[in-house]
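Notebook open. I want to look up the ligand site first, then the pockets.

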Amino acid sequence: MEPNWEEFYANQPKPSDLESSKKLLNDFVERYSDGHTRIALVTSGGTTVPLEHNTVRFVDNFSAGTRGSVSTEYFLEHGYAVIFMYRIKSLEPFSRHFTGQKFLDMLDLTERDGKPQLTVSETYSEDVAQALIKYKSALKQGKLFQLSFTTLSEYLWLLRAASQALAPLGKRVILYLAAAVSDFYVPSNEMSVHKIGSAVGAPKIALHLVPKILKPLVNLWVPKAFVISFKLETDENLLISKARASLNTYNHKLVIANMLQTRKQKVTMVDKDKDYVISLTNEQMNRGEEIEKYIIDDLVKRHEEFLSAKETS
Ligand code: PMT
């Protein structure tokens with residue numbers, strides 16, 4: 001049986017900087033009490049589940065943070081202010097274009113007055129300049145705020161704090177929950193304090209269920225917001241039925257369903273009444289187009305319709 005989310009939270013260690021994160025979140029949200037700017041909370045990357053209190057080992061997942069970081073850039077292009085909540089060391093908007101390059105290969109040295117001067121190598125200078133212009137502009141306008149997490153419990157506390165800070169902005173808020181969040185964890189009282197030794201043989205570690213956080217999030221924390229969750233599967237036969245089941249259970253607006261193997265080329269947008277595919281052709285993929293551009297174009301239209309729809313209750 002799924003555990004009760006309130007009890008679960010009560011047993012999760014709070015990040016030591018939670019209060020300062022809350023203050024920064026409130027400052028950011030305050031800036032947008034103007035009544036018109038739209039705001040997206042984008043979660044990105046995977047959560048870890050520690051196996052020891054003094055953590056040497058942990059359970060992790062594959063998510064690189066591509067979906068979240070690329071989508072953030074497109075939300076910003078559409079004029080949204082974005083809170084980007086990401087796993088430390090996963091991809092970040094703008095700098096993601098250079099991840100995987102050797103940092104030192106991107107730099108050159110010249111000399112002035114006998115002193116070394118650092119420049120960006122010609123191969124990268126145009127791309128770095130373009131990314132830097134957009135990044136600095138987002139920061140200067142106060143449109144991008146980044147918050148990071150590593151563990152499941154850090155993610156959960158931050159998600160709750162961000163949702164509660166955003167709640168007063170009502171329908172103008174999109175929650176775009178692209179992070180890959182663990183469904184399983186080791187309770188604190190069952191965790192080894194120190195590094196698990198091998199002398200006594202293989203450890204028996206029992207993973208317990210994490211409650212689905214979508215439940216309190218949709219019903220209690222941001223009841224007016226446009227909440228979008230993702231559904232990831234590896235068996236195509238389960239994808240759409242599970243996405244629809246999630247919508248029916250949590251009552252949010254949309255599930256973006258994707259398969260692990262094809263997630264960069266195809267997604268299915270699933271709402272209560274219909275589902276449709278957004279995909280890239282092989283030619284588009286080869287040209288370096290990104291599916292997130294089309295996902296966000298679609299979401300911005302849907303959010304617009306949602307904002308102009310009359311309240312029914
Ligand atoms: O980062 P990339 O490499 O680009 O990969 C992108 C992605 C595949 C990770 C992304 O597109 C995606 O599908 N993210 C969601 C993955 C996931 O956790 O799927 P799920 O089916 O296990 O969970 C469904 C939803 O439930 C998620 O939106 C999640 O926020 C939510 N959830 C999950 C666990 C939990 N305990 N509580 C939740 O509310």
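How far is an oxygen atom of the ligand from a polar backbone atom of Leu177? I get 3.2 Å. I count a polar contact as a pair of N or O atoms within 3.5 Å; within protein, one must be able to donate a hydrogen and the other to accept it, and residues adjacent in sequence count only if both atoms are side-chain atoms.

Ground rules. This is a predicted model, where local features need pLDDT of at least 70, side-chain atom pairs count only at pLDDT 80 or more, and totals for chains, interfaces and linings use all residues. Residues are numbered from 1 along each chain as its sequence is written, and side-chain values use heavy atoms, with hydrogens and water left out.

A polar backbone atom of Arg67 is 2.8 Å from a ligand oxygen. For Ile213, a backbone N or O atom lies 3.1 Å from an oxygen atom of the ligand. The protein covers 94% of the 780 Å² of accessible area that the ligand has on its own (Shrake-Rupley method, 1.4 Å probe; for residues, only the protein chains shown count as cover).

**Ligand shell.** I find 24 residues around the ligand (a heavy atom within 4 Å). Ser63, Gly65, Arg67, Lys231 and Asn258 come nearest. The shell divides into 13 nonpolar, six polar and five charged residues. Here Ala, Val, Leu, Ile, Met, Phe, Trp, Tyr, Cys and Pro count as nonpolar, Asp, Glu, Lys and Arg as charged, and the others, Gly among them, as polar. Strand 11 gives the most to this shell, with four residues. Helices (H or I, at least four residues) and strands (E, at least two) are DSSP runs, numbered from the N terminus.

**Largest pocket.** The ligand takes up the space of the largest pocket (more than half of its atoms lie within 2 Å of the grid points). A pocket, on a 1 Å grid over the protein atoms alone, is an open set of points where a 1.4 Å probe fits, with protein on both sides within 12 Å along at least five of seven lines; lining residues have an atom within 4 Å of a point. Its volume is about 1,200 Å³. Of 47 lining residues, Ala179, Ala180, Val181, Phe230 and Leu232 are closest to the centre. I sort the lining into 23 nonpolar, 14 polar and 10 charged.

**Second largest pocket.** I read about 520 Å³ here. The lining has 27 residues, and Gln12, Pro13, Tyr185, Val186 and Ser188 lie nearest the centre. Helix 5 supplies the largest share, three residues.

Technical notes:
Points joined across faces, edges and corners; volume = space filled by probe spheres on them.
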